[in-house]
Amino acid sequence: MSTRILALDTATEACSVALYNNGEITADFAVTPREHTQRILPMVQAVLAQQNLRLQDLDALAFGQGPGSFTGVRIGVGTAQGLALGAELPVIGVSSLKTMAEGVFRTTGLTRALVAIDARMDEIYCAAYTRDEQGVFHAQLAEAVLKPADFITRCAGLSGEWGLAGTGWAAYPDMQGAISAPTQMTDITLPHAQDMLPLAVIALRQGETVPADAAEPVYLRNEVTWKKLPGRE
């Protein structure tokens, strides 16, 4: 069965796009804080052009639904909705944290991942995933926004070797040593759209798409918390 999916992510400092065309992958990735709105559409056009495809040729559009930067997540969701509505495509929301767990597997082969993104205000967006033989990730620790110490407490019962991903480990360097299970630091610090593709392919084949106007972000922090941020009072 022919499968073509475009994935885009702007949920963090990274801006990335990737295209899956029947197993062939074209990807672009750049760390571009505060430039996502200027960069994302040219990147989309570039990866499509490399495979001589149009949006209308795709089966679905995947987007990074967060958690991450409030503004970045909104840019990603809004861009995905606009592109999908114009091309009459369904969309697939993919967790930023689960995307990085796939990145751990891609780069190291490890099937267990502890993901922690610096969420500011002395907190992290975090989760723990294990990957089964079908490529499906299962949350051993559900996505949450926590104090680093609380995340360490939740990790106490984990066993096996875990790959570490995300900016949280550098922001809070004492965390790694506090994990009782064996760990391996990886190069995955931010989500890459290419790592959304395996997850999106599975979701598409399982019928887990929604109409573009039903795309939903995942912030983890509630709206009241966001209003407390500088400039959001």
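I count a residue as buried under 20% relative accessible area and as exposed over 50%. I am working on a predicted model.

**Helix α1**

I started with α1, residues 36-50. At 1.5 Å a residue, its 15 residues should span 21 Å, and I found the end C-alpha atoms 21 Å apart, which agrees.

Which residues of α1 are buried? I noted His36, Ile40, Met43, Val44, Val47 and Leu48. Looking down the axis of α1, I saw these buried residues fall within an arc of 125°, so they line one face of the helix. I reminded myself that an α-helix has 3.6 residues a turn, so residues three or four places apart point the same way.

On the other side of α1, I found Gln38, Gln45, Ala49 and Gln50 exposed.

What do the buried residues of α1 pack against? I listed β1, β2, β3 (24-31) and α2 (70-87). Just after α1, I came to Asn52, with a positive phi of about 55°.

**Nonpolar cores**

Next I looked up the largest nonpolar core, which has 31 residues. Ile5, Ala62 and Ile92 are among those with the most contacts inside it. Several elements supply at least two residues each, including β1 (4-9), α3 (96-108) and α7 (196-205). Which element gives the most to this core? I found α7, with seven residues. Domain 1 (4-95 + 191-214) and domain 2 (97-185) each provide at least three residues of this core.

I then checked Ile5. Its contacts include Leu19, Tyr20, Ala62, Leu197 and Leu204.

Last, I noted a second, separate core of 28 residues. Cys15, Val47, Leu55 and Val73 are among its members. Val47 is also one of the buried residues of α1.

Methods. Residues are numbered from 1 along each chain as its sequence is written. This is a predicted model: local features need pLDDT of at least 70, side-chain atom pairs count only at pLDDT 80 or more; totals for chains, interfaces and linings use all residues. Side-chain values use heavy atoms; hydrogens and water are left out. A nonpolar core is a set of buried Ala, Val, Leu, Ile, Met, Phe, Trp, Tyr and Cys residues joined through side-chain atoms within 4.5 Å. Buried means under 20% relative accessible area, exposed over 50%, partly exposed in between (1.4 Å probe, protein chains only). Helices (H or I, at least four residues) and strands (E, at least two) are DSSP runs, numbered from the N terminus. Domain bounds come from an automatic or database domain assignment. Contact means heavy atoms within 4.5 Å. The expected span of a helix is 1.5 Å times one less than its number of residues. The arc is that of the directions from the helix axis to the C-beta atoms.
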